[in-house]
Amino acid sequence: MIKTIVFVFLSLTIYFEPYAHGFVQLQQRHVYSLSSRGELKVTPQENEFTDDNSIEEYSRCLSPKEEKAQINEELGFKQDSRLKRSLKSMGRAIKSSFQERKSPGTLILVRGGESLYSRNYTFTGWLDPDLTKDGVLQMEHSGRLLLESGFEPDVIYTSRLKRAINSCWAIMQEINTPFLPIYKSWRLNERHYGSLQGLSKKKTAEEFGTKTVQAWRRSLKARPPPMTQADMTFPGNDRKYSDLLPEQIPLSESLYDCMLRTEPLWKFIKKDLQKGDNVLVVAHANTLRGLAKIIDDIGDDEIVDVRFPKGVPFVYRFDTNMDVIKPQEKGLSQIHTNGEFLEKPGLLQKAMKSMKEWDSQVPGSEDIALPKVAKRMTTVENALLKLKEEKEFYSTVGNQFEDNVEESDNDGEVILNDYSSNVLDSNLDEKDEDSDRFSFEEYSSSEKKDEMSDDEVSVNVGAPRLVDDPVVVFIRHGRTPHNKLALFTGWEDPPLAIEGEEDAKWAGRLLKKHGFEFDVVYTSWLYRAIQTAWFVLEEMDQLSLPMIKSWRLNERHYGSLTGKSKKMVANIHGEEQLKRWRRGYKIRPPAVSSYSFHYPGNDKRRIKYVKDIRYSFTETICRSFEDRKLSLHRKFPKCESLFDCMNRSIPFYTERIVPEAVSKGKRVLITSHENAIRGILMHLCEIPEECMNDLHLPNGVPLVYNVKRKCISLLDDGTGEDPLEKYDFGSAAQYLFRPCEIADDEDWYTG
């Protein structure tokens, strides 16, 4: 048995040789496929459209082999030799012989929640209102139904409309999968209602007649009156559709037109299903009808009878031939379809109606709100947060009763020496000067650090010229409960605290104030960074942008220190050892166990997406014995030094973000973590290694890197305060804020 495993592993090592050294160019399709389905702009020459085999470049679903060939071609790499290709083929054959054929994945269709316009009975179409509170509740209910039924999506498709994207976000938060890739396609947009968009359905019926309006709404091929290109709401004027050809932007659509528009995307959803991935499609009533028409081969006359209620997922299962499996007799299906509802349609609407009736009968009940707290707090976080609140309470009221303490029946007064008294007093003081809590990914205060360098530092305050200058904006994620408690966070995945959400929203409002418009967003796989990106884009009204999520932008992995406070670690390992782990550039903390909760390789939700980490011999052997079959396992980090963290974030920026976006003049937003951003800034600003621990990044403050001028600037927030007085950037700020390289004929915009 051991010989067999060793032979197979060595063969696979030959096959996976390109993955085993450095940071290779081949990235995982779902995480990094900006060029394949990231919706970048394409020219008409690149986007030739044919009737039988038509799909835009952004929607192409490349295999890993095709992805690698495309990347190698872009970067000028040579093709592998014939011998190497033969060895790879042999490796693939051996690998396939040990792998079972995957069953097709499950397709889950969810109609987006109620929007502001649908509540007012307004023709919506391609207009972009947000969800109502009821709409969010509907999507959260959908997420809970998925959890109850055990469905775990692997990839999500949605439209470019805000109400559908926010519906995805509500579901992802409910099922705890914010790291999933989301593909935002205009082909899943709602039907375009032409000049009726924005008009009241009731008033339109009074003007044109009920029969005419019902024909526009319900018949298969009747189109409403078209809008003109001079209309303010014409999609061609919206930046989110700038990659489409003029003939692809509708002026009006029938139900049949809308379904035809959806059809090309089905080919790529089908590929995902064939690979065994569960696909979640969150879209609109008419585009979901289009998918159902294709899957169930529903006739033109019957499709108008198919309905998709809000908040109730509709599930399709497939056999190995990709034929739909009919639901059981007791299944909740609907006419003309072979899918199944996860709940009886109408129950949710009745429950919400009952809640509204209760609110109307009980005065003030609608104003009762539960206290807003951060989700998914751990036991340690909860306990330490309560302890912190108790200490703050003691420090506030303790002195008030100091002179009025009565004698009590106790064992006598405890007399402390001077040193112990000072320690206790300092612990009660929330401004602990010795906390030194900025060295790791922890809370960054607005107070200026006393040990600031004596060198004069001048910060560029303003914004680059918004038309001409390509920029990369870095934002460290908002504050988390871990930050507030000074816990080592690393790859642990807490959400943003309430203050952290405000950090992210403030950054979004500031960027919007200065007129920023991004083309693509990069973030880590960790919830706090993804949340930050989401809140920033929501404030900027740019949720339709592609968001690329990569583990290479994760925070430094703190090994067995993860989840512990400085005080815990100092008590266990000593102050001197703690300082070495915190201050050493290449010193790693103790590694976490392979079977620890904090080891990334045990998170089965994420490991399926990683393709750019080499395989681990020891982990593969151990897990193969445990599973009693060949179980390949990649070499995930068990701990990292600051050098290790930067050694993955810098190559990701130089080898992926730069050729994919920066070099093409794209405006890039990166929301990540302190140490990952530190690494990229070290590369861009030529910060010496010995000064890296002296660079501090405040939470939620946009750092604007001007690609042409090669400098970092801050945006004017209107307060008139000196940024170096308001924020703590550490003594390495002199390297971060070097003068810009500005030509004589160029001006700096400070508005």
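Is C711 buried or exposed, and what is its relative accessible area?

Analyst: C711 is buried, with a relative accessible area of 2%, where buried means under 20% relative accessible area, exposed means over 50%, and partly exposed covers the range in between, computed with a 1.4 Å probe on protein chains only. The model is a predicted one, in which local features need pLDDT of at least 70 and side-chain atom pairs count only at pLDDT 80 or more, whereas totals for chains, interfaces and linings use all residues. Residues are numbered from 1 along each chain as its sequence is written, and side-chain values use heavy atoms, with hydrogens and water left out.

C711 takes part in a disulfide with C740, the two sulfur atoms being 1.9 Å apart; a disulfide here is a pair of cysteine sulfur atoms within 2.5 Å. A disulfide is, in general, a covalent bond between the sulfur atoms of two cysteines. The bond between C711 and C740 is right-handed, with 85° about the S-S bond. It joins distant parts of the chain, C711 lying in strand β13 (residues 711–714) and C740 in the segment after α26 (733–736), 29 residues apart. Helices (H or I, at least four residues) and strands (E, at least two) are DSSP runs numbered from the N terminus. C740 is likewise buried, because its relative accessible area is 16%. The structure holds one disulfide.

N693 sits in the loop between α24 (674–685) and β12 (703–706), and it counts as buried because its relative accessibility is 9%. Its side chain reaches the backbone oxygen of R583 at 2.6 Å, a polar contact being a pair of N or O atoms within 3.5 Å, of which, within protein, one must be able to donate a hydrogen and the other to accept it, with residues adjacent in sequence counted only if both atoms are side-chain atoms.

D493 is placed in the loop between α16 (481–485) and α17 (498–513) and is buried at 14% relative accessibility. The side chain of D493 reaches the backbone nitrogen of Y527 at 2.6 Å, and the C-alpha atoms of D493 and H598 are separated by 9.8 Å although the two residues are 105 residues apart along the chain. R528 belongs to helix α18 (residues 527–540) and is buried, with a relative accessible area of 0%. The side chain of R528 reaches the backbone oxygen of G490 at 2.6 Å and makes a polar contact of 3.5 Å with the side chain of H477.

S252, found in the loop between α10 and α11 (255–274), is buried with a relative accessible area of 14%. Leaving aside neighbours within four places in sequence, S252 is in contact with H192, G194, R223, P224, P225 and P226, contact meaning heavy atoms within 4.5 Å. The side chain of S252 reaches the backbone oxygen of P224 at 2.8 Å.

Helix α10 (residues 210–218) also packs with helix α9 (residues 201–208), at an angle of about 125° and with the axes 6 Å apart. Axes are lines fitted to C-alpha atoms, for helices over the stretch in contact, and angles run from 0 to 180 degrees between N-to-C directions. The two helices α9 and α10 are therefore oblique to each other, since angles under 35 degrees count as roughly parallel, over 145 as roughly antiparallel, 65 to 115 as roughly perpendicular and the rest as oblique. K201, T204, A205 and F208 of α9 meet T210, T212, V213, W216 and R217 of α10.

As for the whole, the protein has 26 helices and 13 strands, and 52% of its 751 residues count as buried.
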